[in-house]
Amino acid sequence: MKTKYLIGISFIISNLSFSPVAAQVGEPYIHDPSTIAECEGKYYTFGTGGGGLISEDGWSWHSGADRPGGGAAPDVMKIGDRYLCIYGATGGGLGGGHSGRILTMWNKTLDPKSPDFKWTTAVEVCSSDGMEDQDAIDPGLLLDPTTGRLWASYGTYFGTIRLIEIDPTTGFRVSGNKEKDIAIDCEATDLIYRNGWYYLLGTHGTCCDGVNSTYNIVVGRSKSVEGPYMDNVGRDMYHGGGRMVIAAGDRKTGAGHFGRTIIDEGVEIMSFHWEADFDQGGRSVLAIRPLLWKNDWPVAGDRFKDGTYEIESERRGYSLELAVDFVRMQQERQGWMRNNSNPQPPKPIANQTLEQVASTWPAGDIPVRAGDFMFRPHQLWSVKAVPEAGGYLGGPYYKIEIEGTERALTATESLELTTTAFTGAPEQLWRVEQLTDGTFRLLPKQIPGKEGLNTTYVLYSAGDSTPTLAPYDFSSDNSKWNFRRQ
């Protein structure tokens, strides 16, 4: 059953397992979600059984997407000015058998309230008769950016995964095209292309058994869309190979139906479903995680978690801090040549506290800078989700405050950074996105004096010690930051 692909400052995260983690909000209940598709400023995904979800911001989801035909595991892709939907009408054991049909249909829009909303009559592109070692269900689409050719993979554990070619202008099967077997031991496959490699992502394990489902997503890659697809140790997916992309975690199990969304250069997310979210009564829910690339292999990033962090620039390694005077700590010291002259065991030195230094800080707004990290209160940032502030595709907005205060990181009209008392103003809300190289970028929701949501300006190292706001540039370490848990 299935999902897919869309387009649209560095933090290394460690020791996050005990912090709250945000999940998609609203009513994100879906099974076998399709590619997240954007249409007229909204996001859509379709699931098994017909219908699907809509989101205004990519974070809060509700029902309302409309897809006729029922069946299972659709995929959706925008081609030109139209949307192509492919889905399995039967098969997968639905109705008691593996006799399946895969159909395609078009629409000018995904908005069911639009006067242009009308799906074309579905046409069959392939089928299985229930007797052969194949099951025509769970299709996924790839529009090859190098050739313009359109491919679909399909199939389940009941036999092989197959590849066919579809005409990207009509949605019909290419005349004379012969299907090709490319994998086994998986289902809900998806094809993507990146940096000269074709990737086949398949869902391995058992589905449809709630908290007992073992679904997980694996991958192989090839220099040809027709394979062979090999994993990281040279195993062919046609003989059961596959490198893990994501398995169970965060009290959720059964990751399946991969989809890739490119938001910006170096900013990608993967969408899928969890077969069971323990905190949602074991229901199947939509999931969105950062998509990272390590040595040209796709890897699921971690959902960012609330906590106290050092925010470290990738440019040099200096840390974001308040522009206040450095307060020295008292220490009982010995000469370095007399290290062993004191028979008493060394006593740990406590960290400097906020109470010890806050009175030395100026009143009112304090700008920020970057400097050597010294475990000091003016360098410790509390990062917490603000649920009522909404979100973006892949996460909620966050407030970033000096730990123990309400002094919040704030964007200004002059594109400089300061800290002010937190009010929930949009210039105090931050989009925290993990990049494909594992670092992060931070964008204020809005910049005073500029209209609309900010999708351009990020926290930026204009110099080793000078943070500011500037246009995002993935090729520059100035745009990237790391979070280090404190």
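## A tour from the sheet to the cysteines

Start by selecting β3 and strand β4 (residues 42-46), which pair in the antiparallel sense over three bridges; strands here are DSSP runs of E of at least two residues, numbered from the N terminus, and two of them pair if DSSP finds at least two bridges between them. This is a predicted model, in which local features need pLDDT of at least 70 and side-chain atom pairs count only at pLDDT 80 or more, while totals for chains, interfaces and linings use all residues. Residues are numbered from 1 along each chain as its sequence is written, and side-chain values use heavy atoms, with hydrogens and water left out.

Select Glu38 next, and its bridge partner in β4, Tyr43. Widening the selection shows an open sheet of five strands with mixed pairing, in the order β2-β6-β5-β4-β3, whose edge strands, β2 (25-26) and β3 (37-39), each pair on one side only.

Now move to the cysteines, where a search of the whole structure finds one disulfide, meaning a pair of cysteine sulfur atoms within 2.5 Å. Select Cys207 and Cys208, which form a disulfide with their sulfur atoms 2.5 Å apart; the torsion about their S-S bond is about -70°, so the disulfide is left-handed. Cys208 counts as exposed at 52% relative accessibility, whereas Cys207 is partly exposed at 23% (buried means under 20% relative accessible area, exposed over 50%, partly exposed in between, with a 1.4 Å probe and protein chains only).

Finish at Cys126, which is buried at 6% relative accessible area and whose sulfur lies 14 Å from the closest cysteine sulfur, in Cys85, too far for a bond.

Technical notes
Helix = DSSP H or I, 4+ residues; strand = E, 2+ residues; numbered from the N terminus.
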